[in-house]
Amino acid sequence: MPAGDNRPAPADRDFLSFFDLPEPFVEPAVRACRLFNTVLDSVFYDVPTLRAALAEKDEPMRKLGEKPPSRIVDFDALSDPEGSLLLIDATTEPYVHKYKNVELFLNSPYEETRKVAIATITGVGSSALGSAALAWNISVALGQPVLAIVPGYGVADVMLQALGGWFGFGLYDFLQTKGVVQNSLANLAPQTARIGRQLSASTPDAKTVHGGPVFRHGSGSSDVLHALMQYREQPFRLLVGHSKGALQIGNAIASLTAAQTAGLRVVTLGCPIAKSVEGVSYHQYLGLYDALGQLNMWENWPDRWTSTWHSTNPELPPAMIAGELTKDAIPA
């Protein structure tokens, strides 16, 4: 896989080691924030339904003392800052397939990786648990497999989170703040910039500065989705984004060709985006009680107002029911 066309010679990078913090000190802090975000995922995503459904499907095999079909029932990636691709299929064992490399996913010989036509990106906490929960809701509603893009979580994310990135993600997206911070880290502390970026760095033609990965489309998730849309033989037909995940979808598809976005539907939940890509069908939902979504809508009006707030967890009403709203956007 190409490592980037702007990587300088090793001798040119020696002085940058003074700016890098030791990874054993940095990564625990990143993991701590990731685990905190996992708690938030239980607020904003339908985690209880996911856990209950997988436990129910696994129970017969557990009683027999055999390995349960759900191989990743504990979602060991939820504290992993590097991100992953989770192929969720609520109808077929083992229900969850996990990939940690974009190029390996693109080159996978397995039919399910080539045929999946739906992809999701979450916002707010953005851990594996929340990403899987949203994808599970949609897979159940549509009866189809869904690819959940679990964003990597690096130092740039920690910095933006400390600056209130949850509340102003619309502004940060407009200013491309995450890309600027990541680019600065790559210039000054390339080893630090690598933490949490393995998934986005595994995309074809990934770019680097001094060996540190940089974003081409505003964020790691956008880079991953853009690469999948660009290089897959069978393109996605439906993209679903919740919260700032909707903005990341908008960034990812902005520079694709008309052929790559032909027939594409985009569903946004809790964050309307600009309908800027010609030929794409947008279906945008925003809650009447969703102050966070309304704060970040930036004059992009939804197609439908719902009597909900920002959460998609039905145990915290009035929540958006992600599966039903997505199904509503699909023609009969």
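I take contact to mean heavy atoms within 4.5 Å. On that basis I looked at contacts in the protein chain between residues at least 6 apart in sequence, and 66% of them join residues at least 24 apart.

**Entry 1. Ground rules and overview**

I worked on a predicted model, in which local features need pLDDT of at least 70, side-chain atom pairs count only at pLDDT 80 or more, and totals for chains, interfaces and linings use all residues. Residues are numbered from 1 along each chain as its sequence is written, and side-chain values use heavy atoms, with hydrogens and water left out.

I recorded 15 helices and 10 strands in the protein chain. Helices (H or I, at least four residues) and strands (E, at least two) are DSSP runs, numbered from the N terminus. I count a residue as buried under 20% relative accessible area, as exposed over 50%, and as partly exposed in between, with a 1.4 Å probe and protein chains only. Of the 332 residues of the protein chain, 57% are buried.

**Entry 2. The sheet**

I traced an open sheet of eight strands with mixed pairing, in the order S2-S1-S4-S3-S7-S8-S9-S10. Its edge strands are S2 and S10, each of which pairs on one side only. From one strand to the next the twist averages 20°. Two strands are taken to pair if DSSP finds at least two bridges between them. In general, strands of a sheet pair through backbone hydrogen bonds, either parallel or antiparallel.

I then examined the neighbours of S1. S1 and strand S4 (residues 146-150) pair in the antiparallel sense over five bridges, and leucine 87 has leucine 147 as its bridge partner in S4. S1 and strand S2 (residues 96-99) also run antiparallel, joined by four bridges; here leucine 85 is partnered by tyrosine 99 of S2. By contrast, strand S3 (residues 118-121) runs parallel to S4, with three bridges between them. The bridge partner of threonine 120 in S4 is alanine 148.

**Entry 3. Covering of S1**

Is strand S1 mostly covered or mostly open? I found strand S1 (residues 84-88) mostly covered, five of its five residues being buried. In a regular strand the side chains alternate between the two faces of the sheet. In S1, Ser84, Leu86 and Ile88 point one way and Leu85 and Leu87 the other way, and all are buried.

**Entry 4. Helices on the sheet and on each other**

I noted that H5 lies across S1, S3, S4 and S7, running at about 165° to S4. H12 packs on the sheet as well, touching S3, S7, strand S8 (265-269) and strand S9 (281-287), and its direction makes about 140° with that of S7. Axes are lines fitted to C-alpha atoms, for helices over the stretch in contact, and angles run from 0 to 180 degrees between N-to-C directions.

I next looked up helix H2 (residues 47-63) and helix H5 (residues 128-142), whose axes come within 8 Å and cross at roughly 75°. H2 is therefore roughly perpendicular to H5; angles under 35 degrees count as roughly parallel, over 145 as roughly antiparallel, 65 to 115 as roughly perpendicular and the rest as oblique. From H2 the contact uses Val47, Thr49, Leu50, Arg51, Ala53, Leu54 and Lys57, and from H5 it uses Leu129, Ala132, Ala133, Trp136 and Asn137. These residues divide into eight nonpolar, two polar and two charged. Ala, Val, Leu, Ile, Met, Phe, Trp, Tyr, Cys and Pro count as nonpolar, Asp, Glu, Lys and Arg as charged, and the others, Gly among them, as polar.

**Entry 5. Backbone exceptions**

Most residues other than glycine have a negative phi, and most peptide bonds are trans. I checked the loop between S1 and S2, where proline 94 is placed. Glutamate 93 and proline 94 are joined by a cis peptide bond, with omega about 5°. Tyrosine 95 lies in the loop between S1 and S2 and has a positive phi near 75°. Tyrosine 95 is buried, with a relative accessible area of 7%.

Another cis peptide bond joins proline 317 and proline 318, with omega about 0°. Proline 318 sits in the loop between strand S10 (304-306) and helix H15 (322-328).

Serine 243 has a positive phi near 60°. I located serine 243 in the loop between strand S7 (238-242) and helix H12 (244-253); its relative accessible area is 0%, and serine 243 is buried.
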